[in-house]
Amino acid sequence: MSHPLTRVLTLLELLQSNARLTGAELADRLDTDVRTVRRYTAHLRDLGIPVEAERGRYGGYRLARGYRMPPLVLTNDEALAVVLGLLAAERLGMGTAAPASAGALAKIERVLPHALREPLTAMRETLSFTANAVIGQVPGTGVLLALAQASRAHTTVGISHQSWRQEHTERDIDPYGVVFHTGRWYVVGHDHLRDSLRTFRIDRITSVTSRADSFTAPDGFDPVVHLTSTLAQGPYRWQVEVTIHGPLDEIARRLPRSAVTLTAQPTGVLMHARAERLDGMAHMLASLEWPFTIHHPDELRQALKNLAAQLTAAAQRAPEELPR
């Protein structure tokens, strides 16, 4: 990297990629000295690029806040990361109200050099996923970002919300966190109208208004744990209670958090779940490697017996008995 122009361009790329770097850090990456770094930053300012210098022991260099270079400059690894992220987001249903992912992908492909565009196009056209695609319920981009900012700043917001019954309400909430789960976006927080902890689908929120009040989230509160446990208590036909005689951590990795709640007990792990069909619950329990004890419903025992009979019949069936 001996040519001065190369070093100046590399300096610009470093400033674009980092919030702030000291003169010593830049000198080390450019393989030069701090005085030369000052000269290079002066060259960038002469070109109209606002490089700010902070003096003092902990000072450094950065681009002016809000400044963005017109051209998009990505390394091969960065471009691949962006494309894979957009493809994965589309697969998971993490879209927004506008076709932002498709538009972003098209813009990136247009500005990439041919040598990089072709391999990334091949990746997009040949990449397969083991999981099925999720059809997402898209929220408004402004609503999603406003809730995320309020959650980070611990600021109360007013929301316009429409329930699944098409009932419209105006309420204030303290957003504890934003969660994406199986194609839907949720906000979890304290609802001032009901004076309780509530979960709202973000695609049903039409507007967000900042309030002057601030809040403090409960210590140790986990929005993901709250959401999944709430969804597990949905309106299903059967309430299931089973003790699984195994370690909590390993059992939790094997069972879907959105479908069950697990509690450690002296004799094992107490599982509470709700199910519309008991044959599916029987299959899930049979797939575990640990013994279990059914507390209720008793109908689950018969579902397991039916599954056991099917497996026994399959194990005893000879090849010549297969239908032709």
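Predicted model: local features only at pLDDT ≥ 70, side-chain atom pairs only at ≥ 80, totals over all residues.
Some background on the whole protein first. There are 11 helices and 11 strands. Of its 324 residues, 33% are buried. Take the contacts with a separation of 6 or more, and 60% of them link residues 24 or more positions apart.

Now back to H11. This helix runs over residues 299–316, so to speak, with 18 residues in all, and from first C-alpha to last it reaches 26 Å, close to the 26 Å expected at 1.5 Å a residue. Which residues of H11 are buried? They are Leu 300, Ala 303, Leu 304 and Leu 307. These four cover an arc of only 95° around the axis, so they sit on the same side of H11. The general rule behind this kind of pattern is that an α-helix has 3.6 residues a turn, so residues three or four places apart point the same way. Turn to the face of H11 that points away from the buried side, and you'll find the exposed residues Lys 305 and Gln 316.

What does Leu 304 touch, leaving aside its neighbours within four places in sequence? Its contacts are Ala 282, Phe 292 and Ile 294. Ala 282 is 22 residues from Leu 304 in sequence, yet their C-alpha atoms are 5.3 Å apart in space.

| Helix | Residues | Residues in the contact |
|---|---|---|
| H1 | 4–17 | Pro 4, Arg 7, Val 8, Leu 11, Leu 12, Leu 15 |
| H3 | 34–46 | Val 37, Tyr 40, Thr 41, His 43, Leu 44 |

Sorted by type, the residues of this H1–H3 contact come out as 8 nonpolar, 2 polar and 1 charged. How do the two helices lie relative to each other, roughly parallel or roughly perpendicular? Their axes come within 10 Å and cross at roughly 80°. That angle falls in the 65 to 115 degree range, so H1 and H3 are roughly perpendicular to each other.

How values were computed:
Residues numbered from 1 in each chain as written. Heavy atoms only, no water. Axes fitted to C-alpha atoms, helices over the stretch in contact; angles between N-to-C directions. Parallel < 35°, antiparallel > 145°, perpendicular 65-115°, else oblique. Contact = heavy atoms within 4.5 Å. Nonpolar A, V, L, I, M, F, W, Y, C, P; charged D, E, K, R; others polar. Expected span 1.5 Å × (residues − 1). Buried < 20%, exposed > 50% of the residue type's maximum accessible area, 1.4 Å probe, protein only. Arc of directions from axis to C-beta.
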